[in-house]
Amino acid sequence: MAASPQNPAASAPRRKVSRHRGEGQWAAGHFTPLNGNEQFKKDDDGLNVRTRIETIYSKRGFDSIDPNDLRGRMRWWGLYTQRRPGIDGGKTAVLEPEELDDRYFMLRVRIDGGALTTQQLRVIGEVSQEFARGTADITDRQNVQYHWIRIEDVPEIWQRLEAVGLSTVTACGDTPRVMIASPVAGIAEDEIIDATPALVEMKRRVLNNPAYSNLPRKFKTAISGSPLLDVVHEINDVAFVGVRHPEHGPGFDVWVGGGLSTNPKLGVRLGAWVPIEDVPDVYEGVISIFRDYGYRRLRNRARLKFLVADWGAEKFRQVLEDEYLGGRKLVDGPAPEQPVQQWRDHIGVHRQQDGRFYVGFAPRVGRVDGATLTKIADLAEAHGSGRVRTTVEQKMIVLDVEQDRVESLVEGLEALDLTARPSTFRRGTMACTGIEFCKLAIVETKQRGSTLIDELERRLPDFDEPLTINLNGCPNACARIQVADIGLKGQLVLDDEGRQVEGYQVHLGGALGLEAGFGRKVRGLKVTADELPDYIERVLTRFRAERTEGERFAAWTARASEEALS
């Protein structure tokens, strides 16, 4: 039969018709697991692994652990196997998981909102010293991470942490991860609204709740009522940002779909203003959309950002209102205002609402140890009310310091190499875990970041412009390389003699805030680890020579020539 306008396919060759399995979305009726991760989650809720850890694995040892628990469900309780020592970065992508696994674990303690008492901080320090060889890194999501944890010690560690109100539940895994929040919520003089009541209710509803313990991938949350935009809201799955509505007063602007890794996307505004009492409902609605509509077929497309990119903000808001808020319409609202400060990390001495002061200080790239944490607890008790905070910049804060005690506290911190008056480089440099412990890493980060700080302070002692330098051991962007002024993505590169050595791909001019954007990559620009101080010194020297008055580094890199950035 000849083709015709009415039947254009009549002469087309026949194609095999296959059944489309979709993206594994539960809301579309696709409940059959489409990959191994979805299968082990269906076989048993990750929350249930705790019982096996306490009754079997901690008593019989590492070799007794079921593989799906070891590399899967144990993450629901904050446990990852760490990298076996001696494996270089060139083997990261070629070895099987069991070849990379050490017989020790990283254990992540979730600290929602970064809020700690000195009693809790002291217990964290004691656990570090007794069970983790002194390790206790502060992360850029306000958590603390231990290393060298033995499975035999995990029940005792949990008992110690939980006795003071801390937990590791869903600190990892396809779950609601730690909820980051302004570390000075209810404290800062310039606060728009205190988000603490909403944070408490959000945690109550979803933590340790089987209704939200099988998400397509991890789910990251941020909430802050600070005008400083101090919780990197653009790169979270959902974020609530403090704003003042012209008619309804203080509340929150809602953002969804942010995330970095190898496919970075900035979150988008839903255009909705939410009063604080409704934040938990909206939060639960957003996380439920992710659970029900999120893509579960391919792990690399299973984050909320891909659904938001496909739907758009308008459809997302419509589904949220119609299907998850019972038809309740959200109020249209304003966007946040541009922060007046370039630094948003709360470092230094700041007056509180009550007339006392909080003091923010900078460890080196988040690396501390258990002994130091207990000393910080001592200082905080001696100078404040017993409240401390961690920040999303791998920093810490002591709250409630009387004015006549501020200088004594600052001096005590300096004695611990924890400065409240850091250089630009100490203040702005951040690093992920790196090859020392991470199975995904290709290069070293923590020590290199610390050494880089010292070298840049020596070479550029008067450089005082706000600047962020973020080092990441692999492409997954745990240290937020795409949104740093200078982002360094670890990879193996060739040196001048043709040898394969540790190095970094360079991203320049990334930023967060209302001028958020991803850093620029200069074609072919890769720097060996040894060349890093020379390269950064060279670029910053050119910046100072070429910048216009008041121009920030990110703005300069956007217009600078590739030669100037090389």
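Tutor: Let's start with strand pairing: two strands pair if DSSP finds at least two bridges between them. Strands (E, at least two residues) and helices (H or I, at least four) are DSSP runs, numbered from the N terminus. The model is predicted, and local features need pLDDT of at least 70, side-chain atom pairs count only at pLDDT 80 or more, while totals for chains, interfaces and linings use all residues. Residues are numbered from 1 along each chain as its sequence is written, and side-chain values use heavy atoms, with hydrogens and water left out.

Student: Great. How many bridges join β20 to β21?
Tutor: Five, and the two strands, β20 (residues 500-508) and β21 (residues 520-528), run antiparallel.

Student: Let's switch to β4. Which strands does β4 pair with?
Tutor: Three bridges join β4 to β14 (residues 367-369), running antiparallel, and two bridges join β4 to β5 (residues 144-149), also antiparallel. Ala136 stands opposite Val368 in β14, while Asp137 has Gln145 in β5 as its bridge partner.

Student: How many residues lie between β4 and β5 in their hairpin?
Tutor: Five, and Gln142 in the turn has a positive phi of about 70°.

Student: Which way do the side chains of β4 point?
Tutor: In a regular strand the side chains alternate between the two faces of the sheet. In β4 (residues 135-138), Thr135 and Asp137 point one way and Ala136 and Ile138 the other, and all are buried. Buried means under 20% relative accessible area, exposed means over 50%, and partly exposed is in between (1.4 Å probe, protein chains only).

Student: OK, new topic: aromatic rings. How many aromatic pairs are there?
Tutor: The structure holds 15 aromatic pairs. Rings of Phe, Tyr and Trp (its six-membered ring) pair if their centres lie within 6.5 Å; planes under 30 degrees apart count as stacked, over 60 as edge-to-face and the rest as tilted. One of the pairs is Phe463 with Phe543, a tilted one at 6.5 Å centre to centre and 55° between the planes.

Student: What does that pair tie together?
Tutor: Phe463 lies in the loop between α14 (446-459) and β18 (469-472), and Phe543 in helix α15 (residues 532-546), so the pair ties together parts 80 residues apart in sequence. Phe463 is buried, with a relative accessible area of 4%, and Phe543 is buried too, at 0%. Another pair is Phe553 with Trp556: their ring centres are 5.8 Å apart and their planes at 45°, so this pair is tilted.

Student: Where do Phe553 and Trp556 lie?
Tutor: Both lie in helix α16, three residues apart, about one turn of the helix. Phe553 and Trp556 are both buried. Ring pairs link Phe425, Phe463, Phe543, Phe553 and Trp556 into a cluster.

Student: Which rings does the charged end of Arg133 sit over?
Tutor: The charged end of Arg133 sits over the ring of Tyr104, 5.1 Å from its centre, and over the ring of Trp148, 3.8 Å from its centre. To count, NZ of Lys or CZ of Arg must be within 6 Å of the ring centre and within 35 degrees of the ring normal.

Student: Last topic, pockets! What volume does the second largest pocket have?
Tutor: About 690 Å³. On a 1 Å grid over the protein atoms alone, a pocket is an open set of points where a 1.4 Å probe fits, with protein on both sides within 12 Å along at least five of seven lines; lining residues have an atom within 4 Å of a point. Grid points are joined across faces, edges and corners, and the volume is the space filled by probe spheres set on the points.

Student: Which helix gives the most to the lining?
Tutor: α16 does, with four residues. The lining has 38 residues, of which Gln342, Arg344, Thr468, Leu512 and Arg552 lie nearest the pocket's centre.
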